[in-house]
Amino acid sequence: MMVKSFFRVIIAVLCAKTLVFSAVLQEIVKPEHHYEVSVRLDVPLVLGITLTSALGVYRYYGMERISLNDLKPKSEFLPWDRPFVGHYSDWATTVSHYSGVLAVAPLALAGYSWYKGDADGHDFGAFTLMFVEAFALQNAINQIVRSSQLWPRPYVYAKRGEGSKKAESARGEAFGSFYSGHSSAAFTVAIFTGEWFSEIYPNSKYKSLVWASSLTLAGGVAALRVMAGKHYPTDVVVGALVGTGVSLGVLKLHEICKNNISFWVIPGNIGAVFYF
């Protein structure tokens, strides 16, 4: 009888300790975040982007001016681009340049969420790193492609007015219109703005509105670049696709990284499990 009572006491103590340990473990285990970064992913990624950016800057600023007499004829442009050959608008150029302030939109929204307590500093830092990676990568790719000087900007063909004056003083970069860096950057901003809002506020009734507004503003920037005579429709469409693709690619890489790594922490020990 005493033996049975002894074992019952032991079992009760063990159960109690297990419950206490489980409660402590729940407090110690690192809470799940919306975004994760890792050394094995982000260090090589940042290094690759840095090298690509260096190549892009080198090629972009090495672009040489082409003689206006050696420009490709209008007939060689794509049919939907030909109506814009020779076009230039000073006001649209100015407005499109000022549109660069929209680049702070995703970080401003993320910072506001952090300030309100809807997100933590970890998520804000990880999101900021991903945004910088995507923004830098799309810019580097743009500079490399534009340095091939596939065709000049529309205003380079201007025969009169302010456009012709700009054409006479144009630098080498004006002879590489394909593809639009502003359009690529604008859609990178739009994707990251919508992504943050959807991730932090998945049940918000404003989610569709945020996505629609972000993409509309990005489309407006692209349209302004065409109206300004800085790019053709083909340039801005490809720019939008590149910016969107790079952004989704960076986000997907980190999503895969997050799903494939499981961290665990117990008193006196820490580790990680990788799933392949």
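**Close-up views of a predicted model**

**View 1. Helix α3 passes helix α8 in a left-handed crossing.** Left-handed here means that the near helix is turned anticlockwise from the far one by less than a right angle. The axes of α3 (residues 90–98) and α8 (residues 207–227) come within 8 Å and cross at roughly 145°. Axes are lines fitted to C-alpha atoms over the stretch in contact, with angles from 0 to 180 degrees between N-to-C directions. Helices are DSSP runs (H or I, at least four residues), numbered from the N terminus. Trp91, Ala92, Val95, Ser96 and His97 of α3 meet Leu224, Arg225 and Met227 of α8; contact means heavy atoms within 4.5 Å.

**View 2. The largest pocket holds about 730 Å³ of space.** A pocket is an open set of points on a 1 Å grid where a 1.4 Å probe fits, with protein on both sides within 12 Å along at least five of seven lines; lining residues have an atom within 4 Å of a point. The lining counts 38 residues, and His97, Ser99, Gly181, His182 and Arg225 lie nearest the centre. Elements giving two or more residues are α3, α5 (121–146), α7 (181–200) and α8.

**View 3. Glu173 and Arg146 form a salt bridge.** The N to O distance is 2.7 Å. A salt bridge is a side-chain nitrogen of Lys or Arg within 4 Å of a carboxyl oxygen of Asp or Glu. Glu173 sits in the loop between α6 (161–168) and α7, Arg146 in helix α5, 27 residues apart. The structure holds three salt bridges.

**Notes.** The model is predicted: local features need pLDDT of at least 70, side-chain atom pairs count only at pLDDT 80 or more, and totals for chains, interfaces and linings use all residues. Residues are numbered from 1 along each chain as its sequence is written, and side-chain values use heavy atoms, leaving out hydrogens and water.

Notes:
Grid points are joined across faces, edges and corners, and a volume is the space filled by probe spheres set on the points.
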